[in-house]
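Biologist: I would like to learn how to read a few features of a model, going slowly from one to the next. Could you take me through them, giving the general idea before the case at hand?

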Amino acid sequence: MSDTPEFFDEGTPCGVLTAEPLGRVLDYRAPEGGCWLGAFVQVPLGPRRVVGVVWGAAEGRFDRAKLRQVIRVLDAAPMRAELREFLTRLADYTLTQLPMVLRLATRVPGLADGPVTRKLLFRGDGLPERMTDARARVLAALDEFGGAGLSPGELAGAAGVGTSVVRGLVAAGALAERDAPRDQPFPRLDPARPGPTLSADQARAADALRKGRGGYGTWLLKGVTGSGKTEVYLEAVADTLRTGRQALVLLPEIALSAEFIARVEKRFGAKPAEWHSGVTQAERRRLWRMIGQGNAQMVVGARSALFLPFQNLGLIVVDEEHDTSYKQEEGVFYNARDMAVLRGALNGAQVVLASATPSLESWANAEAGKYTRLDLSTRFGPNTLPDMAAIDLRSQDLPANRWVSPALQAAVTARLAAGEQALLFLNRRGYAPLTMCRACGHQIACADCDARMVEHRFLQRLVCHQCGATAPIPTTCPECGAEDRMAPVGPGVERLEEEARALWPDARVAVLSSDLFGSARALKAQIEEIAAGGADIIIGTQIVAKGHNFPLLTLVGVIDADLGLSGSDLRAAERVFQLTRQVAGRAGRADKPGRALIQTSQPEHPVIRAILSGDEEAFWQAEAEARRALGMPPYGRLAGIILSGPEMEPLFALGEALARGDAPLRRIGAQVFGPAPAPIARIRGQHRVRLLVKAAKGAPLQAALRDWVRPHKLGAKMRLAIDIDPQSFY
C-alpha cells in the first residue's frame, strides 16, 4: 500500500471495513466533504451506527444510487497504510476474517465521541477533617496516576470505593473538579538525559543496536538473568526517540509494568503511555488518539498494544519473548512475538526480542542468520549467577503430605537466620489441584468442563481453572454420601504456605499468585513490599519468574521440578528449562551470592542436567536436533483444528469427514492426525474435538487449509477454529 492517501469526493462510492462479522468490505457513498483512504468513519449498518475504516475503492456490485452514505468522518488520525497492510497480512496468515482482525485495532472506548471537554478530578488545596482508610485510598489512587485527572467514576473504581467517598473529598476541598480536554498529549520523554553507566557487554550490544538504527532488523538480545538487558534496550529507545520516532515495549505480565514504568521515568524524566487491561477506559481512549497524532512517544503494553495506530513506529521490544502469554488462543489466534517481527518489517522499525531463555523459534532464527544475536554473558555489577544444585527426593526422608524436603528446610532456615529472603516456587495455584473422596475415590469435577475443580482455601471455594466456575468445598461426597471423607490431593501454593508457616512459625510469609489479587495495583503493592524486605519467605507461581527484583532474595527452592516433564507436550522440555532457569535467576541479584535448590525425583533427566550445568547452548542444540529429526517446529509447521459444539457426535462426524477429505493437504505433503477428543474435551459446556496438521517448513499451508475446510458445512451451534503455529494442545 502507498502512504499517499487516496481521497473520495462527496458521493463517490468507497469501500468501508467494519469490525462486524460480515466477512467483507461494504460499499458506501462518501460523506459531505469527502473522506480519505484510512479514515475512521461512522456508517449505518441496518438500524445501527457502527465504526469502520475507509479501506479502498468500492467493489461496485451495487447500484450507486442505492448506496447509503457515510454518516461522518471521525476526529482521529487516519489508519496508516502500513497498519492496514499489517492487519491484512495477519488475517491471511492466521486464516481469520479481516473484520475480526480489525476489531483488535479499533477496540477502544468512545472512538465515535467528539473531542469535547469533561469534568475531571485533581488534587485540591484542602484536607478532610477526618481521614478514613477509604479516603486515603482515593487520594493514593489519584497520586498513582501521576497527577492526571480522573472522572469521579474512574477514581472510585481505581480506589475500590463508592462515589460517595469521592464526593465527600470534593466537598472537603481535597479534590478539585475542573473542565479538561477529553484527550491530552502525554508528557514528553527526554532521551538526552544521561543513562546509567553500562558494562562492556551492555555497551557493545547498545552500540550494535545504535548502528542498526534507521531500518528494519530483528535482534535477539540474549542475556543471563540480571545481566541488564533492560538498560540495553532502553538505550535503543533513547536512540529511537532522538530521531523523532515512536517506541513500543511489550511486557508479558501486567504486574511487571509498575517496576518497569518507574525505570523508564527515571531514565527519561517522564512516564511512558500504558496499554493493558489495568488502564482506565478514558486513558485507553486518550492513548489510542494520541499515538495516532504522534503525541505519545513510547508505549508500554500487553500484546494488544501491537495493534495501536502508531504515527511513526521505529522500535518494538518484546521483553521475555519466550513467554507463552504472547500467544492469544481465542478469537484471533496469533503470536505477538512473531507479529511484532511482521509489523517491524512493514514499518521499517527495529525489533528487539529479549530473553535470558529464548524460545527455540527465536534461537533457530538467530542460528539461521534471520535475526542478529547479541549476548550478555555476565550479570551487571558485582552480583554473580546463583549456584545451582539438585535435591534428590528419593534420598530424602519426606513425610506424606509434606513438600519441603529436610535439605531445603535447612537451607531456608540458614538464610532466615542471616536476615535474607527465600523463595519457594510451585507452579500450581490454589490449595490442592484435586479433591477426592477417600471412601469411594470420587474426584470433584467441574459441571461444565472435563476438568477437576481446584481447592482454593483462601476463598473457601472450589474453582475450575478452565471456565472460572466455583462451588463450595463439600463435606459430604456427592457420589457415595460419605461424610468427612473429602481430602485435598497434591500441593498448591496455598497448601505450601500452610506448611511453611508450620515449619517457620516466626517467619513472615507472602504468597504471589495471580488469582489472589483483585487488581494490578494490589499485586504491585505486594511486590513492592516484598522488595523492601516485608517478607522472609515468598511462595509463588510462575508470576515470580517474570522480571521481579528482590534485593534480599538469596535462596530459591523449586518444590517440584518434575511437574512439567511428563506428558506429550512438544514444548515440555523447553518450558521446564525456561521456567526453572528464570525462577532460579531471582536469587542473588544484589551484593549477596544466591543459590537455587531444585527438588526432583529424576536428577538424571536430561532437562534437569541441562538446568544444573548452565550449558544453555548444549540444551538448545539437543532440543533443536530432536525437533529437526521429527520435522517439528521450528523445522516444520503445525496447524491445530479445534471443533466445538454442544454435542460430541456431530463434531466427530465432521472431524472424520475432514480427515477423509485431506486431498488438498496431501498435495503439499502434509499429514492429518485425528480427530480425537481434546485433552480437556469439554469447556463451558462445549464439547471439543481436535485435529492436527503437520507440514514441511516451506509448504504453502494456509492455502491448502483454506481449500481443505471450504467444502465442509458446520452444523447448528458448531464452530471450527484454526490455530496456525499452536503453542498448546489443550
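Biologist: Which residue just after helix 4 takes a positive phi?

Modeller: Before I reply, please keep in mind that this is a predicted model. The residue is Gly-160, whose phi is about 70 degrees, and this glycine comes just after helix 4.

Biologist: Which residues of helix 4 itself are buried?

Modeller: Burial is read from relative accessible area, with under 20% counting as buried. In helix 4 the buried residues are Glu-154, Leu-155, Ala-156, Ala-158 and Ala-159.

Biologist: How should I describe the way helix 3 and helix 4 are placed relative to each other?

Modeller: One looks at the angle between the two axes, and values of 65 to 115 degrees count as roughly perpendicular. The axes of helix 3, residues 133-144, and helix 4, residues 152-159, come within 8 Å and cross at roughly 110 degrees, and the two helices are therefore roughly perpendicular to each other. On the side of helix 3 the contact is made by Arg-137, Val-138, Ala-141 and Leu-142, while helix 4 brings Leu-155, Ala-158 and Ala-159. Sorted by class, that contact has six nonpolar residues, one charged residue and no polar ones.

Biologist: How many disulfides does the model have?

Modeller: A disulfide calls for two cysteine sulfur atoms within 2.5 Å, and by this rule the count is zero. Cys-477, for example, is in no disulfide, since the nearest cysteine sulfur, that of Cys-437, lies 3.6 Å away.

Biologist: Is Gln-727 buried or exposed?

Modeller: Gln-727, which lies in the segment after strand 33 (719-724), counts as buried because its relative accessibility is 11%. Leaving aside neighbours within four places in sequence, Gln-727 is in contact with Lys-327, Glu-329, Asn-335, Glu-361, Arg-571 and Arg-575.

Note on methods. Residues are numbered from 1 along each chain as its sequence is written. This is a predicted model: local features need pLDDT of at least 70, side-chain atom pairs count only at pLDDT 80 or more; totals for chains, interfaces and linings use all residues. Side-chain values use heavy atoms; hydrogens and water are left out. Helices (H or I, at least four residues) and strands (E, at least two) are DSSP runs, numbered from the N terminus. Buried means under 20% relative accessible area, exposed over 50%, partly exposed in between (1.4 Å probe, protein chains only). Contact means heavy atoms within 4.5 Å. Axes are lines fitted to C-alpha atoms, for helices over the stretch in contact, and angles run from 0 to 180 degrees between N-to-C directions. Angles under 35 degrees count as roughly parallel, over 145 as roughly antiparallel, 65 to 115 as roughly perpendicular and the rest as oblique. Ala, Val, Leu, Ile, Met, Phe, Trp, Tyr, Cys and Pro count as nonpolar, Asp, Glu, Lys and Arg as charged, and the others, Gly among them, as polar.
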